[in-house]
Amino acid sequence: MATDLDRLEPNAQRVQDDLTELSQIHDPASSGWTRTVFSEPYRASREWVRARMADAGLTVHADHAGNLIGVLPGRSAAAPALMTGSHTDTVASGGRFDGMVGVLGSLEVVRQLVENDVRPDHDLLVVDFLGEESNDFGLSCLGSRALAGALTQEHLDRRDHHGVRLGDRYASFGLDPSDVLRAAGRFGPRGLHRYVELHIEQGPVLEERGAGIGVVTAIAGIRRLLATFTGRPDHAGTMPMGDRRDALVAAADAVLAVRQEGCGAPVHGVATTSRLDAEPGSPNVVPGLVRMQAEMRSVDVDWLSAAQVRLTEEIARKAAEHGVDVDLTWSLDNDCLPASPDVHEVVSSVADSLGIAWEAVPSGATHDAVHIARLCPMGMIFVPSRGGRSHCPDEWTDLDDIVTGIRVHGATLLALDRAR
Ligand code: GLV
Ligand code: MN
Ligand code: MN
């Protein structure tokens with residue numbers, strides 16, 4: 001299955017140089033390797049990505065949704081396109097590998113194909129999707145969501161903590177928000193054949209089991225919670241403890257309830273509170289208002305639904321004990337999505353034929369693949385993350401592991417190219 005790619009060996013130095021150069025374009029005012037969506041460092045980095053795509057031999061354009069798309073034309077004029085890609089934005093104080101490995105690894109595959117005169121049947125599209133990381137609007141995967149037709153006016157009307165609309169953030173980045181809504185399906189006239197994405201695992205399983213790569217079974221669903229606790233502001237020195245309606249104490253109980261749900265998941269489930277804003281925030285005032293942001297993730301939809309019901313009841317019950325009103329707004333970032341069994345089979349067979357140990361793993365992180373799966377069968381290839389760390393400056397994957405992932409990725413793309 002991997003015959004063509006037996007001849008094609010990724011150039012490790014070139015991959016290392018690309019990773020280093022891209023990581024140097026980051027926000028100097030922030031810790032880590034920050035390059036958040038819509039920021040100036042992100043704008044600059046995408047110019048760099050565009051140039052690297054062109055150097056690799058791709059014809060590059062940016063679509064209406066701000067995705068950078070590099071095309072390697074295939075031999076068959078009638079065939080749908082084979083797509084790969086990932087993202088180059090980071091979370092605040094993020095790392096150098098999450099997303100970058102998929103974009104730069106795909107470019108290395110393209111260079112190998114071009115240098116060895118291997119031309120796929122299908123057009124090969126390498127996409128740097130706009131803004132994959134969840135942002136101040138509580139929404140991840142902006143570019144792939146738009147491409148798949150799942151970005152809506154309601155999303156564009158969402159406001160961040162400063163009251164700025166998502167649509168206006170697009171406009172200040174030079175993208176017309178009404179065009180963004182029209183980006184769906186504009187990746188070429190003949191539809192998509194398959195999608196496969198190379199990514200770091202962002203968890204500990206592959207390292208623990210000594211596996212070279214992970215073959216993703218499913219991507220977790222994400223339910224987000226915005227809770228507003230309304231108590232009563234009072235003098236912190238005079239109001240007796242038993243007479244208070246302290247919004248922050250009610251929120252603290254909610255934080256523990258969220259954690260408890262995550263700890264109780266039978267298969268795969270996690271729950272995180274990531275933000276609490278208390279008002280008025282004075283040292284001598286009992287907090288009267290708290291806004292809280294949390295999320296739950298799982299590949300087990302039944303658990304996710306049941307946990308949402310339990311958590312809603314528990315937070316309301318505890319808040320009532322503290323005399324605090326609570327408003328809970330749940331939203332879905334993405335549904336849980338299984339990878340295509342066909343693509344899974346191709347990736348695992350390629351790994352077997354290359355003699356690379358692999359593990360089947362679920363993804364607790366979300367990915368652009370979850371949205372592209374609306375358009376064609378999708379799969380993902382993971383490479384190990386040291387200590388399972390990610391979304392932090394210490395995120396790390398050894399170059400050897402990245403190169404192994406690129407070998408599997410390249411061979412998988414060629415195998416998918418041949419698949420009917
Ligand atoms: C992105 O990495 C996410 O899982 O939210
Ligand atoms: Mn990512
Ligand atoms: Mn991420």
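Which residue of strand 2 is the bridge partner of Thr59? In this predicted model, that partner is Val71. The pairing of strand 1 (residues 59-62) with strand 2 is antiparallel and runs over four bridges. Five residues lie between the strands of this hairpin, and Gly66 adopts a positive phi near 85 degrees.

Strand 2 also pairs with strand 4 (residues 124-129), again in the antiparallel sense, over five bridges. Here Leu72 stands opposite Leu124.

In a regular strand, side chains alternate between the two faces of the sheet. For strand 2, both faces are covered: Leu68, Gly70 and Leu72 are buried on one side, and Ile69 and Val71 on the other. Because five of its five residues (68-72) are buried, strand 2 is largely enclosed by the rest of the structure.

The manganese ion (ligand 2) lies 3.6 Å from ligand 3, and Asp98 coordinates both ions. Asp98 belongs to the loop between strand 3 (81-87) and helix 4 (100-115), and His391 to the loop between strand 15 (378-383) and helix 14 (399-418), so the pair ties together parts 293 residues apart in sequence.

| Residue | Relative accessibility | Class |
|---|---|---|
| Asp98 | 5% | buried |
| His391 | 40% | partly exposed |

How values were computed:
Residues numbered from 1 in each chain as written. Chains lettered and ligands numbered in written order. Predicted model: local features only at pLDDT ≥ 70, side-chain atom pairs only at ≥ 80, totals over all residues. Heavy atoms only, no water. Buried < 20%, exposed > 50% of the residue type's maximum accessible area, 1.4 Å probe, protein only. Helix = DSSP H or I, 4+ residues; strand = E, 2+ residues; numbered from the N terminus. Pairing = 2+ DSSP bridges. Donors = N, O, S within 2.8 Å, 3.2 Å for Na, K, Ca; no water.
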